[in-house]
Amino acid sequence: MSVSPAPAPDDRHARAEERLGTMGTSYRAVGTREATAANLAWWDADADDYQATHGEFLGDAEFVWCPEGVREADAGLLGPVADKRVLEVGCGQAACARWLAQQGARVVGMDLSGGMLRHAREGNRRTGLDVPLLQATAERLPIATASMDLACSAFGAVPFVTSIDAVFTEVSRVLRPGGAWVFSVTHPMRWIFPDDPGPTGLTATQPYFDRTPYVEVGEDGEATYVEYHRTLGDYVRALAGAGLTLEDLIEPEWPEGHTRTWGQWSPLRGKLFPGTAIFRTRKP
Ligand SMILES: C[S@@+](CC[C@H](N)C(=O)[O-])C[C@H]1O[C@@H](n2cnc3c(N)ncnc32)[C@H](O)[C@@H]1O
């Protein structure tokens, strides 16, 4: 396994990388234990900076699906939510969950990271919307079978877990028949380009077909951050394997006049190829 130098200094994540002792990056196999420990530590370490960087864009009680700025209030991907029991997977600061609560849903937010959930509790306090919060991994949901009408996730959990089969099977289990699971992730084709919002991010360098996860490592070689790549076909097969029907795959276009850069998402790249994939699925 070859390890490249640590990621280029990036103010957004510098503090998390320093706290975790990130020394380099690599592509190598990572199992559930190592990935869960790394991502728990990473999201805890990055929680304050994530909120400081993105909190205003995401709002206190708004449902924003992606850096392209698609809002559930406009897109209606979940359908009517009033009186529905909804689980938000990988809720982070839980802005989506609070928007759902405002619309009359009975919503629960869950996340792996206590640091992200601390911001969720602060958001609850600021808004007076007391959304129940759970700390768990999406691969094993502490939620009763068939107890949810809807499940959703905006970039939560799915890119960071070893097994999307486990997550989709768990989500399918907690949904009642007819319930929907809608989630957004980085569009799989972004994998082939460097994580760079500028012109460097326009040249393909990484094979689309290589599923070996991206890993940041500390001095001892243990992962400090892990992100997985799945092809579009992998998502379709995992959803089918969990008994979920794919109803739509939304690839949001970069909106005219939207100038905000979010990490590798930028107007330059967004005008050329998709940055986000939103899967709308249903349990038959
Ligand atoms: C990019 S943030 C998205 C947060 C929020 N949904 C938003 O739109 O800002 C990813 C979230 O996934 C959570 N996460 C990572 N691995 C997870 C896992 N195995 N189970 C549940 N949540 C996880 C992280 O703690 C983090 O809050």
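Predicted model: local features only at pLDDT ≥ 70, side-chain atom pairs only at ≥ 80, totals over all residues.
Residues are numbered from 1 along each chain as its sequence is written. Local features need pLDDT of at least 70, side-chain atom pairs count only at pLDDT 80 or more, and totals for chains, interfaces and linings use all residues.

Reader: Which residue of E5 is the bridge partner of Met 110?

Author: Strand E4 (residues 106-111) runs parallel to E5, and three bridges join them. The bridge partner of Met 110 in E5 is Leu 134.

Reader: Is H6 roughly parallel or oblique to H7?

Author: Axes are lines fitted to C-alpha atoms, for helices over the stretch in contact, and angles run from 0 to 180 degrees between N-to-C directions. Helix H6 (residues 164-174) and helix H7 (residues 232-241) pack at about 40°, with their axes 8 Å apart. Angles under 35 degrees count as roughly parallel, over 145 as roughly antiparallel, 65 to 115 as roughly perpendicular and the rest as oblique. H6 is therefore, relative to H7, oblique.

Reader: Which residues of H7 make the contact with H6?

Author: Residues are in contact if their C-beta atoms, placed from the backbone, lie within 7 Å. H6 contributes Ile 164, Asp 165 and Phe 168; from H7 come Ala 238, Leu 239 and Gly 241.

Definitions and conventions. Pairing = 2+ DSSP bridges. Helix = DSSP H or I, 4+ residues; strand = E, 2+ residues; numbered from the N terminus. Contact = placed C-beta atoms within 7 Å.
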